[in-house]
Amino acid sequence: MLKISHLVKTYPKSDRIAVDDISFELRPGEIFGFLGQNGAGKSTTIKCLTGILPFDSGTIEICGYDIQKEPIKAKMHMGYVPDNHSVYEKLTGREYVNYVADLYKVPTDIRTERMDRFAKLFRLEYAIDKQIKSYSHGMKQKICIIAALIHEPKLWVLDEPMMGLDPQSTAEIIAHMREHCAKGNTVFFSSHNLDLVKKLCHRVAIVNEGKLIDLFDLAGNEENKANLEERFFRITGTYEDRLFEDYIAQESADMRPDIPVKENAEEADNKDTDDEAAAEEKIDSAAVVEGSAEAAEAAEGDEQ
(Lines give C-alpha, C1' and ligand atoms only; values in the text may rest on other atoms or scores of the structure.)
Protein backbone atom coordinates (compact mmCIF):
# COMPACT_ATOMS: atom_id res chain seq x y z
CA MET A 1 0.00 0.00 0.00
CA LEU A 2 2.79 2.42 0.98
CA LYS A 3 6.49 1.66 0.79
CA ILE A 4 9.14 4.16 1.83
CA SER A 5 12.77 3.17 1.23
CA HIS A 6 15.80 5.09 2.54
CA LEU A 7 14.06 8.47 2.45
CA VAL A 8 16.36 11.46 3.02
CA LYS A 9 15.24 15.09 3.08
CA THR A 10 17.17 18.25 3.94
CA TYR A 11 16.03 21.86 3.77
CA PRO A 12 18.07 24.61 2.05
CA LYS A 13 20.31 26.66 4.33
CA SER A 14 20.05 24.05 7.07
CA ASP A 15 22.80 21.72 8.20
CA ARG A 16 20.27 19.46 9.88
CA ILE A 17 18.83 16.41 8.14
CA ALA A 18 15.05 16.63 8.49
CA VAL A 19 14.42 13.01 7.44
CA ASP A 20 17.41 10.69 7.78
CA ASP A 21 17.25 7.36 5.90
CA ILE A 22 13.72 6.36 6.93
CA SER A 23 12.29 3.07 5.63
CA PHE A 24 9.02 1.27 6.41
CA GLU A 25 6.09 -0.37 4.65
CA LEU A 26 2.36 -0.21 5.38
CA ARG A 27 0.04 -3.19 4.99
CA PRO A 28 -3.49 -3.25 3.56
CA GLY A 29 -6.20 -3.09 6.22
CA GLU A 30 -4.17 -1.46 9.00
CA ILE A 31 -4.17 1.80 10.92
CA PHE A 32 -0.59 2.97 11.32
CA GLY A 33 0.45 5.59 13.88
CA PHE A 34 3.40 7.92 13.30
CA LEU A 35 4.78 9.38 16.53
CA GLY A 36 7.46 11.88 17.46
CA GLN A 37 8.07 15.22 19.11
CA ASN A 38 7.52 18.49 17.28
CA GLY A 39 10.33 18.83 14.75
CA ALA A 40 11.07 15.09 14.71
CA GLY A 41 10.35 14.79 10.98
CA LYS A 42 6.75 13.54 10.96
CA SER A 43 5.16 16.28 8.86
CA THR A 44 8.17 16.43 6.53
CA THR A 45 7.86 12.69 5.87
CA ILE A 46 4.14 13.09 5.20
CA LYS A 47 4.71 16.02 2.82
CA CYS A 48 7.28 13.98 0.94
CA LEU A 49 5.00 10.97 0.54
CA THR A 50 2.10 13.16 -0.60
CA GLY A 51 4.28 14.85 -3.23
CA ILE A 52 4.15 18.30 -1.62
CA LEU A 53 7.91 18.37 -0.96
CA PRO A 54 10.74 17.02 -3.10
CA PHE A 55 13.30 14.84 -1.33
CA ASP A 56 17.03 14.27 -1.72
CA SER A 57 17.14 10.49 -2.07
CA GLY A 58 15.19 7.31 -1.54
CA THR A 59 11.89 6.10 -3.03
CA ILE A 60 8.23 6.31 -2.11
CA GLU A 61 5.67 3.98 -3.68
CA ILE A 62 1.90 4.19 -3.29
CA CYS A 63 0.03 1.12 -4.54
CA GLY A 64 3.09 0.31 -6.63
CA TYR A 65 3.44 3.76 -8.22
CA ASP A 66 6.57 5.83 -7.60
CA ILE A 67 5.62 9.28 -6.29
CA GLN A 68 8.44 10.90 -8.32
CA LYS A 69 8.15 8.93 -11.55
CA GLU A 70 4.36 8.56 -11.69
CA PRO A 71 3.02 11.24 -9.36
CA ILE A 72 -0.51 11.44 -10.83
CA LYS A 73 -1.12 7.70 -10.67
CA ALA A 74 0.31 7.54 -7.14
CA LYS A 75 -1.86 10.43 -5.92
CA MET A 76 -5.02 8.96 -7.44
CA HIS A 77 -4.80 6.22 -4.81
CA MET A 78 -4.25 8.60 -1.88
CA GLY A 79 -6.35 11.00 0.18
CA TYR A 80 -4.63 13.60 2.35
CA VAL A 81 -5.92 15.61 5.32
CA PRO A 82 -3.37 18.32 6.28
CA ASP A 83 -2.99 19.88 9.69
CA ASN A 84 -3.68 23.44 8.48
CA HIS A 85 -7.04 23.24 6.65
CA SER A 86 -5.76 24.33 3.24
CA VAL A 87 -9.12 24.99 1.57
CA TYR A 88 -10.69 27.64 -0.66
CA GLU A 89 -12.78 29.42 1.93
CA LYS A 90 -14.84 31.45 -0.54
CA LEU A 91 -16.33 28.22 -1.88
CA THR A 92 -19.18 26.39 -0.21
CA GLY A 93 -18.46 22.97 1.22
CA ARG A 94 -20.23 21.31 -1.70
CA GLU A 95 -18.35 23.40 -4.27
CA TYR A 96 -15.01 22.56 -2.69
CA VAL A 97 -15.70 18.81 -2.55
CA ASN A 98 -16.92 18.90 -6.16
CA TYR A 99 -13.71 20.68 -7.16
CA VAL A 100 -11.63 17.92 -5.55
CA ALA A 101 -13.87 15.24 -7.07
CA ASP A 102 -13.22 16.78 -10.52
CA LEU A 103 -9.46 16.45 -9.93
CA TYR A 104 -9.89 12.77 -9.12
CA LYS A 105 -12.39 12.24 -12.00
CA VAL A 106 -15.16 10.94 -9.75
CA PRO A 107 -18.43 10.49 -11.73
CA THR A 108 -21.24 12.88 -10.80
CA ASP A 109 -23.67 10.27 -9.51
CA ILE A 110 -21.02 8.58 -7.34
CA ARG A 111 -19.72 11.83 -5.85
CA THR A 112 -23.25 12.99 -5.06
CA GLU A 113 -24.04 9.77 -3.21
CA ARG A 114 -20.77 9.88 -1.29
CA MET A 115 -21.04 13.57 -0.46
CA ASP A 116 -24.56 13.18 0.91
CA ARG A 117 -23.48 10.14 2.93
CA PHE A 118 -20.43 11.85 4.40
CA ALA A 119 -22.33 15.08 5.10
CA LYS A 120 -24.85 13.07 7.10
CA LEU A 121 -22.13 11.02 8.80
CA PHE A 122 -20.23 14.13 9.91
CA ARG A 123 -23.39 16.17 10.57
CA LEU A 124 -22.72 18.82 7.93
CA GLU A 125 -26.02 18.64 6.04
CA TYR A 126 -27.02 22.12 7.23
CA ALA A 127 -23.62 23.64 6.35
CA ILE A 128 -22.58 21.88 3.14
CA ASP A 129 -24.01 24.72 1.00
CA LYS A 130 -22.56 27.55 3.08
CA GLN A 131 -19.19 29.23 2.49
CA ILE A 132 -16.31 27.49 4.22
CA LYS A 133 -15.14 30.77 5.75
CA SER A 134 -18.18 30.57 8.04
CA TYR A 135 -17.15 27.11 9.31
CA SER A 136 -15.73 26.37 12.73
CA HIS A 137 -12.37 24.62 13.15
CA GLY A 138 -14.02 21.22 13.45
CA MET A 139 -16.27 21.81 10.43
CA LYS A 140 -13.28 22.75 8.27
CA GLN A 141 -11.54 19.58 9.40
CA LYS A 142 -14.60 17.56 8.43
CA ILE A 143 -14.89 19.10 4.97
CA CYS A 144 -11.19 18.33 4.40
CA ILE A 145 -11.88 14.73 5.39
CA ILE A 146 -14.85 14.47 3.01
CA ALA A 147 -12.73 15.87 0.18
CA ALA A 148 -9.94 13.38 0.98
CA LEU A 149 -12.38 10.46 0.89
CA ILE A 150 -14.55 11.45 -2.08
CA HIS A 151 -12.56 9.16 -4.42
CA GLU A 152 -12.37 6.25 -1.92
CA PRO A 153 -8.55 6.20 -1.71
CA LYS A 154 -6.62 3.06 -0.87
CA LEU A 155 -4.28 5.13 1.33
CA TRP A 156 -5.72 7.75 3.69
CA VAL A 157 -3.08 10.08 5.17
CA LEU A 158 -3.87 12.38 8.09
CA ASP A 159 -1.54 14.84 9.80
CA GLU A 160 -2.70 15.54 13.37
CA PRO A 161 -6.37 14.92 12.48
CA MET A 162 -7.82 15.31 15.99
CA MET A 163 -6.19 18.61 16.91
CA GLY A 164 -8.74 21.07 18.25
CA LEU A 165 -11.75 18.81 17.66
CA ASP A 166 -14.59 18.33 20.13
CA PRO A 167 -15.23 14.80 21.48
CA GLN A 168 -18.17 14.16 19.13
CA SER A 169 -16.15 15.09 16.02
CA THR A 170 -13.21 13.00 17.23
CA ALA A 171 -15.46 9.98 17.75
CA GLU A 172 -16.94 10.37 14.24
CA ILE A 173 -13.51 10.51 12.61
CA ILE A 174 -12.22 7.53 14.60
CA ALA A 175 -15.27 5.50 13.60
CA HIS A 176 -14.70 6.22 9.92
CA MET A 177 -10.97 5.49 10.16
CA ARG A 178 -11.90 2.02 11.42
CA GLU A 179 -14.56 1.62 8.75
CA HIS A 180 -12.13 2.66 6.00
CA CYS A 181 -9.56 0.20 7.32
CA ALA A 182 -12.14 -2.62 7.49
CA LYS A 183 -12.61 -2.33 3.71
CA GLY A 184 -8.99 -3.34 3.18
CA ASN A 185 -7.66 0.21 2.90
CA THR A 186 -4.81 1.71 4.92
CA VAL A 187 -4.86 4.67 7.31
CA PHE A 188 -1.60 6.50 8.09
CA PHE A 189 -1.75 9.29 10.65
CA SER A 190 0.53 11.31 12.87
CA SER A 191 -0.52 12.21 16.39
CA HIS A 192 0.66 13.44 19.79
CA ASN A 193 -2.17 11.61 21.54
CA LEU A 194 -0.54 8.42 22.82
CA ASP A 195 -3.71 7.12 24.43
CA LEU A 196 -5.60 7.41 21.13
CA VAL A 197 -2.79 5.71 19.22
CA LYS A 198 -2.73 2.88 21.76
CA LYS A 199 -6.44 2.21 21.33
CA LEU A 200 -6.68 2.73 17.57
CA CYS A 201 -3.51 1.58 15.81
CA HIS A 202 -2.38 -1.84 14.64
CA ARG A 203 1.25 -0.71 14.44
CA VAL A 204 3.22 2.37 15.34
CA ALA A 205 6.54 3.98 14.41
CA ILE A 206 8.47 6.46 16.55
CA VAL A 207 10.81 8.98 14.92
CA ASN A 208 13.31 11.24 16.65
CA GLU A 209 15.58 13.87 15.11
CA GLY A 210 14.73 12.64 11.63
CA LYS A 211 15.49 8.97 12.28
CA LEU A 212 13.10 6.04 12.57
CA ILE A 213 14.02 4.66 15.99
CA ASP A 214 11.36 2.01 16.60
CA LEU A 215 8.49 0.25 14.83
CA PHE A 216 6.32 -2.31 16.60
CA ASP A 217 2.89 -3.97 16.80
CA LEU A 218 0.15 -2.76 19.11
CA ALA A 219 -2.79 -4.89 18.00
CA GLY A 220 -2.81 -8.11 19.98
CA ASN A 221 0.23 -7.12 22.03
CA GLU A 222 -0.84 -5.93 25.47
CA GLU A 223 2.75 -5.52 26.67
CA ASN A 224 3.57 -3.06 23.88
CA LYS A 225 0.35 -1.17 24.57
CA ALA A 226 1.15 -0.93 28.28
CA ASN A 227 4.70 0.26 27.59
CA LEU A 228 3.95 2.72 24.78
CA GLU A 229 4.24 5.88 26.88
CA GLU A 230 7.50 4.88 28.55
CA ARG A 231 8.92 3.68 25.24
CA PHE A 232 8.05 6.99 23.58
CA PHE A 233 9.50 9.13 26.37
CA ARG A 234 12.74 7.15 26.47
CA ILE A 235 13.22 7.21 22.70
CA THR A 236 12.59 10.94 22.45
CA GLY A 237 14.89 11.66 25.39
CA THR A 238 12.12 13.20 27.49
CA TYR A 239 11.81 10.49 30.13
CA GLU A 240 11.89 11.67 33.73
CA ASP A 241 10.52 9.57 36.56
CA ARG A 242 8.49 12.45 37.97
CA LEU A 243 6.95 13.50 34.64
CA PHE A 244 6.30 9.95 33.51
CA GLU A 245 4.59 9.04 36.77
CA ASP A 246 2.45 12.18 36.53
CA TYR A 247 1.48 11.30 32.95
CA ILE A 248 0.48 7.75 33.85
CA ALA A 249 -1.35 8.95 36.98
CA GLN A 250 -3.69 11.02 34.83
CA GLU A 251 -5.35 7.81 33.70
CA SER A 252 -5.65 6.32 37.19
CA ALA A 253 -8.86 6.52 39.19
CA ASP A 254 -7.52 8.83 41.89
CA MET A 255 -6.75 11.48 39.26
CA ARG A 256 -10.13 11.19 37.50
CA PRO A 257 -12.95 12.99 39.37
CA ASP A 258 -15.48 11.44 36.99
CA ILE A 259 -14.56 7.91 38.13
CA PRO A 260 -15.40 6.82 41.71
CA VAL A 261 -12.34 5.73 43.67
CA LYS A 262 -12.40 1.98 44.19
CA GLU A 263 -11.27 0.56 47.52
CA ASN A 264 -8.82 -2.27 47.39
CA ALA A 265 -9.75 -5.60 48.96
CA GLU A 266 -7.76 -5.09 52.17
CA GLU A 267 -9.22 -1.64 52.78
CA ALA A 268 -12.71 -2.95 52.07
CA ASP A 269 -12.24 -5.85 54.53
CA ASN A 270 -10.92 -3.49 57.20
CA LYS A 271 -13.86 -1.18 56.65
CA ASP A 272 -16.32 -4.07 56.95
CA THR A 273 -14.62 -5.23 60.16
CA ASP A 274 -14.74 -1.73 61.62
CA ASP A 275 -18.40 -1.39 60.67
CA GLU A 276 -19.24 -4.73 62.32
CA ALA A 277 -17.36 -3.77 65.51
CA ALA A 278 -19.17 -0.44 65.64
CA ALA A 279 -22.52 -2.18 65.19
CA GLU A 280 -21.73 -4.65 67.98
CA GLU A 281 -20.66 -1.79 70.25
CA LYS A 282 -23.98 -0.05 69.59
CA ILE A 283 -25.86 -3.24 70.42
CA ASP A 284 -23.87 -3.68 73.69
CA SER A 285 -24.49 -0.07 74.64
CA ALA A 286 -28.19 -0.44 74.02
CA ALA A 287 -28.27 -3.58 76.16
CA VAL A 288 -26.52 -1.76 79.00
CA VAL A 289 -28.96 1.13 78.79
CA GLU A 290 -31.91 -1.24 78.67
CA GLY A 291 -30.56 -3.23 81.65
CA SER A 292 -30.04 -0.06 83.68
CA ALA A 293 -33.59 1.05 82.99
CA GLU A 294 -35.00 -2.31 84.15
CA ALA A 295 -32.86 -2.21 87.34
CA ALA A 296 -34.11 1.28 88.15
CA GLU A 297 -37.73 0.25 87.69
CA ALA A 298 -37.20 -2.77 90.02
CA ALA A 299 -35.61 -0.63 92.70
CA GLU A 300 -38.48 1.85 92.51
CA GLY A 301 -40.96 -1.01 92.93
CA ASP A 302 -39.17 -2.31 96.05
CA GLU A 303 -39.31 1.14 97.67
CA GLN A 304 -43.02 1.29 97.12
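Buried means a relative accessible area under 20%, exposed means over 50%, and partly exposed lies in between (1.4 Å probe, protein chains only). This is a predicted model, in which local features need pLDDT of at least 70 and side-chain atom pairs count only at pLDDT 80 or more, while totals for chains, interfaces and linings use all residues. Residues are numbered from 1 along each chain as its sequence is written, and side-chain values use heavy atoms, with hydrogens and water left out.

Q: How many of the residues of the protein, in percent, count as buried?
A: The protein contains eleven helices and ten strands; helices (H or I, at least four residues) and strands (E, at least two) are DSSP runs, numbered from the N terminus. The protein has 304 residues, and the part that counts as buried is 40%.

Q: Is Glu160 buried or exposed?
A: Glu160 is in the loop between β7 and α6. Its phi is positive, about 50°, although Glu160 is not a glycine. Most residues other than glycine have a negative phi. The relative accessibility of Glu160 is 12%, so the residue counts as buried.

Q: What is the relative accessible area of Cys63?
A: Cys63 belongs to the loop between β4 (57-62) and β5 (65-66). Cys63 is not a glycine, yet its phi is positive, near 55°. Cys63 is partly exposed, and its relative accessible area is 27%.

Q: Which are the edge strands of the open sheet of six strands?
A: This open sheet has mixed pairing and the order β6-β7-β8-β3-β9-β10. Each edge strand pairs on one side only, and these strands are β6 (78-81) and β10 (211-217).

Q: Which residue in β10 is the bridge partner of Val207?
A: Strand β9 (residues 203-208) and β10 run antiparallel and are joined by six bridges. The two strands form a hairpin with two residues between them, and Glu209 in the turn has a positive phi of about 50°. Ile206 stands opposite Asp214 in β10. The bridge partner of Val207 in β10 is Leu212.

Q: What angle does the direction of α5 make with that of β6?
A: Helix α1 (residues 42-49) packs on the six-stranded sheet, touching β3 (31-35), β6, β7 (155-159), β8 (186-190) and β9. The direction of α1 makes about 145° with that of β7. Helix α5 packs on the sheet too, touching β6 and β7, and its direction makes with that of β6 an angle of about 170°.

Q: How are α5 and α6 placed relative to each other?
A: Two packed helices are described by the angle between their axes and the distance between the axes. The axes of α5 (residues 137-149) and α6 (residues 167-182) come within 11 Å and cross at roughly 15°. Angles under 35 degrees count as roughly parallel, over 145 as roughly antiparallel, 65 to 115 as roughly perpendicular and the rest as oblique. The relation of α5 to α6 is therefore roughly parallel.

Q: How many nonpolar residues does the contact of α3 with α5 have?
A: Helix α3 (residues 93-103) packs against α5 at about 30°, with their axes 9 Å apart, and its crossing is right-handed. In this contact Gly93, Tyr96, Val97 and Val100 in α3 meet Ile143, Ile146 and Ala147 in α5. Ala, Val, Leu, Ile, Met, Phe, Trp, Tyr, Cys and Pro count as nonpolar, Asp, Glu, Lys and Arg as charged, and the others, Gly among them, as polar. The contact has one polar residue and no charged ones, and its nonpolar residues number six.

Conventions. Axes fitted to C-alpha atoms, helices over the stretch in contact; angles between N-to-C directions. Pairing = 2+ DSSP bridges. Contact = heavy atoms within 4.5 Å. Left-handed = near helix turned anticlockwise from the far one by under 90°.
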